[in-house]
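Have a look at the model first, then follow along.

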Amino acid sequence: MKQTLNIKNMVCDRCKSTVLRELEALGCDIKSVELGQIILDENTDIRYSKLEEVLKKHGFEIIKDETEILIEEIKIALIKKIENQDNANLSSFLTKRFNNSYSALSKLFSKTEGVTIEKYEINLKIEKVKELIQLRQLNFSEIAYSLNYNNSSHLARQFKNVTGMSMTTFKNLQKWNRKSIDQIV
């Protein structure tokens, strides 16, 4: 038997490394660490309050509420979708992934997060665009294509709507202003 803990804000590889390092320091027998989830061996003997304290120190928290768990799983699925350049339709992707109607998932997400799933996905994409611009490996058209935009003009309009600046202006900035994935709402 194993203990599964769902963790809020654990959304990137750096997060996983931090959690793994801290759990090992506590002497936990770890089965796996995935985005948003830790699986411990049943024989792991650790005080729950100590585990919560260590996670909180790094901005993570154990999620106990089923709705919060689902919302976090939706966020992680969207992060992976963008990272993997999965061009599936958003509603089809989530319906298939969560075996639930898109309408129900969308309403729950909006009610809980105060933003639509679509807007959340757009914000994730824009942060990915910023990352790709910084890497300077792709031109704007290639970036648009990689993120499933119909054309670079569509991406450019969306980028400007979200950031208030053009992609070229962002590219020429000396100090890039990017949000970490866990800060996107």
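**Burial, before anything else.** I call a residue buried when its relative accessible area is under 20%, exposed when it is over 50%, and partly exposed in between. I keep in mind throughout that this is a predicted model.

**Confidence.** The protein chain has a mean of 87, and 94% of its residues reach 70 or more. Which elements mark the two ends of the range? Strand β1 (residues 2-8) has the lowest mean pLDDT among the elements, at 82, while helix α5 (residues 102-113) has the highest, at 96.

**Salt bridges.** As a reminder to myself, side chains of opposite charge can pair when their charged atoms come close. My search returned 10 salt bridges in the structure. I wrote up a few of them.

- E113 and K75: the closest N and O atoms are 2.9 Å apart. E113 belongs to helix α5 and K75 to helix α3, so this bridge ties together parts that are 38 residues apart in sequence. E113 has a relative accessible area of 19%, so I log E113 as buried under the 20% cut-off. K75 is buried as well, at 11%.
- K128 and E83: here the closest N and O atoms are 3.3 Å apart. This pair also links distant parts of the chain, with K128 in helix α6 (residues 117-135) and E83 in helix α3, 45 residues apart. K128 is buried at 10% relative accessible area, whereas E83 is partly exposed at 39%. I followed the shared partners and found that salt bridges join E83, K128 and E131 into one network.
- K16 and D13: the closest N and O atoms are 3.8 Å apart. Both residues lie in helix α1, 3 residues apart, which is about one turn of the helix. K16 is partly exposed, with a relative accessible area of 23%, and D13 is exposed at 57%.

**K81, from several sides.** Is K81 buried or exposed? With a relative accessible area of 6%, K81 is buried. Leaving out residues up to four places away in sequence, K81 touches D86, A88, F93 and E121. Two of these contacts got entries of their own. The side chains of K81 and E121 are joined by a polar contact of 3.1 Å. K81 also lies over the face of F93, 5.8 Å from the ring centre. For scale, I checked K81 against T116: they are 35 residues apart in sequence, with their C-alpha atoms 17 Å apart in space.

**Another lysine over a ring.** K125 lies over the face of Y149, at 4.8 Å from the ring centre.

**Aromatic pairs.** How many aromatic pairs does a search of the whole structure find? It finds 2. I noted one of them, F159 with F170: the ring centres are 5.8 Å apart and the planes stand at 65°, so the pair is edge-to-face. The pair links distant parts of the chain, with F159 in helix α8 (residues 152-163) and F170 in helix α9 (residues 167-172), 11 residues apart. F159 is buried at 0% relative accessible area, and F170 is buried at 1%.

**T18.** I looked up T18 in helix α1 (residues 13-25). T18 is buried, with a relative accessible area of 14%. Not counting residues up to four places away in sequence, T18 touches H58 and F60.

**Positive phi.** I closed with a backbone check.

- Q85: phi is near 50°, a positive value in a residue other than glycine. Q85 lies in the loop between α3 and α4 (90-98), and is partly exposed at 41% relative accessibility.
- N148: phi is near 70°, again positive in a residue other than glycine. The loop between α7 (140-146) and α8 holds N148, which is partly exposed at 40% relative accessibility.

Technical notes: Residues are numbered from 1 along each chain as its sequence is written. This is a predicted model: local features need pLDDT of at least 70, side-chain atom pairs count only at pLDDT 80 or more; totals for chains, interfaces and linings use all residues. Side-chain values use heavy atoms; hydrogens and water are left out. Rings of Phe, Tyr and Trp (its six-membered ring) pair if their centres lie within 6.5 Å; planes under 30 degrees apart count as stacked, over 60 as edge-to-face and the rest as tilted. Helices (H or I, at least four residues) and strands (E, at least two) are DSSP runs, numbered from the N terminus. Buried means under 20% relative accessible area, exposed over 50%, partly exposed in between (1.4 Å probe, protein chains only). A charge sits over a ring if NZ of Lys or CZ of Arg is within 6 Å of the ring centre and within 35 degrees of the ring normal. pLDDT is the predictor's confidence in each residue, from 0 to 100. Contact means heavy atoms within 4.5 Å. A polar contact is a pair of N or O atoms within 3.5 Å; within protein, one must be able to donate a hydrogen and the other to accept it, and residues adjacent in sequence count only if both atoms are side-chain atoms. A salt bridge is a side-chain nitrogen of Lys or Arg within 4 Å of a carboxyl oxygen of Asp or Glu.
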